[in-house]
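Here's a quick tour of the model, from its overall layout down to a handful of single residues. Have the structure open while you read.

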Amino acid sequence: MAQTTAAPAVRLSSPTPPPRGQMSNVYASGRLGRWVPWAILGVSLIISLAVFALFQAASGGDFNVAGAIVLTGVLNGILIYVTALLVEGIRKAKDRLVTTLVSSAFIIALAPLISLFITVLSRGTERFDLQLFSESMRNVVGQGGGVLHAIVGTLIMTGIATVISVPVGLLTSIYLVEYGRGALARAITFFVDVMTGIPSIVAGLFAYALFSLVFGPGVRLGVAGAVALSVLMIPVVVRSSEEMLRLVPNELREAAFALGVPKWLTILKVVLPTSLAGITTGVMLAIARVIGETAPLLVAAGFTQNMNYNPFEGRMQSLPVFVYSSYVSQGTDAQAYLDRAWAAALALILIVMALNLIARIVARLFSPKLGR
């Protein structure tokens, strides 16, 4: 009988760690350190500033800030790609290049917004005082005056538009998600898409024509401006509410149906509370979208220098129309009109920011609580 001998077992040993006190090279594993991209960005910025400083010294003109930023982005992309290619390989180099391009695109998109806010803030603070929010422009032709009548008009017309738009838009979205089938639902969806893209001046002309049929030609009313804003606001509310309702899991509806709950009560007690946070956010965004409209309010509500608390009687001023009229109809003291226009624009931006903050707070308070 042949005797077989077992092969000796091979013992695998773990890699020997580096001696104590000896630093390990971060590039030995083919990875860049965390500080390397920032260092490359700093080097690119220094080179770009030096190049455009030389151009400024040679030409005697102003320093080209936009050109320096663009050159910094280009140099940063090239240097980060070459460095990663030499150290980490082609795949990681492409990944870092795409990451740099995406970050650059985000900065480019954010730069105009930051520039706009800084410009409005710097010029609007010159007249951003108590008098601006406590007086109207009645009998004011130069310095002084305020935008109280425009703020009151903006809040009244936007509030009426919200009261009109939210029930109509919310009920329409409920029908499309829960009940809508066939040609009628497709027609509603089509017209909502069309209304989303109509110019705002068309909404103003519609409201003006509607009220002219009732009160005669040439009528300007605050409620007409509110109707014009609601025409622009309804499709936004429908779209945002529809998306939020579709995000509610069908399992919740089926569980309610299994317990014998009617469909209308399931929508009222299950679907709407679950999507309330998103619906509220969508409504606030719709308000922020229409509160800065100028053309429809200029056509339907007109403008005035006096206080008007009644939207069913007389013309009503709004902040966007006030900014427009102050800029195009400057009096003898043009700088006073421009200062009031910038201050009103700053007040409008702050109102929109406040609406967005309220939307976030409401969304957090009414969002479904998962942990109990």
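Taken over C-alpha atoms, the centres of domain 1 and domain 2 sit 39 Å apart. The contact between them draws on eight residues from domain 1 and seven residues from domain 2, where contact means heavy atoms within 4.5 Å. Domain 1 covers 30-126 and domain 2 covers 133-366, with bounds that come from an automatic or database domain assignment.

Before going further, keep in mind that this is a predicted model: local features need pLDDT of at least 70, side-chain atom pairs count only at pLDDT 80 or more, and totals for chains, interfaces and linings use all residues. Residues are numbered from 1 along each chain as its sequence is written, and side-chain values use heavy atoms, with hydrogens and water left out.

What is the protein built from?

As for overall dimensions, the C-alpha atoms fill a box of roughly 115 × 80 × 40 Å along the principal axes. The radius of gyration is 31 Å, whereas a compact globule of 372 residues would come in near 21 Å. That radius is taken over C-alpha atoms, and the globule rule is 2.2 Å times the number of residues to the power 0.38.

## Surface, contacts and charge

Of the 372 residues, 36% are buried. Buried means under 20% relative accessible area, exposed means over 50%, and partly exposed is in between (1.4 Å probe, protein chains only). The protein exposes about 22600 Å², and carbon and sulfur atoms supply 68% of that; the areas come from the Shrake-Rupley method with a 1.4 Å probe, and for residues only the protein chains shown count as cover.

Look at contacts between residues at least 6 apart in sequence, and 69% of them join residues at least 24 apart. On the charge side, the mean positions of the 26 positive and 16 negative charges are 12 Å apart. Lys and Arg count as positive and Asp and Glu as negative, while His and the chain ends are not counted; each charge is placed at NZ of Lys, CZ of Arg, CG of Asp or CD of Glu.

| Residue | Relative accessibility | Class |
|---|---|---|
| Ile90 | 41% | partly exposed |
| Thr154 | 3% | buried |
| Leu247 | 63% | exposed |
| Glu135 | 33% | partly exposed |

Ile90 belongs to helix α3 (residues 90-124). Leaving aside neighbours within four places in sequence, Ile90 touches Tyr81 and Leu85.

Thr154 is part of helix α5 (residues 148-179). Which residues does Thr154 contact, leaving aside its neighbours within four places in sequence? They are Ile291, Gln317, Ser318, Leu319 and Pro320.

Glu135 is found in the loop between α4 (130-134) and α5. With neighbours within four places in sequence set aside, Glu135 contacts Gly145, Gly146, Val147 and Leu148. Glu135 and Ile198 are 63 residues apart in sequence and 36 Å apart in space, C-alpha to C-alpha.

Leu247 lies in the loop between α8 (222-246) and α9 (250-258). Leu247 and Gly278 are 31 residues apart in sequence, with 9.7 Å from C-alpha to C-alpha.

Conventions
Helices (H or I, at least four residues) and strands (E, at least two) are DSSP runs, numbered from the N terminus.
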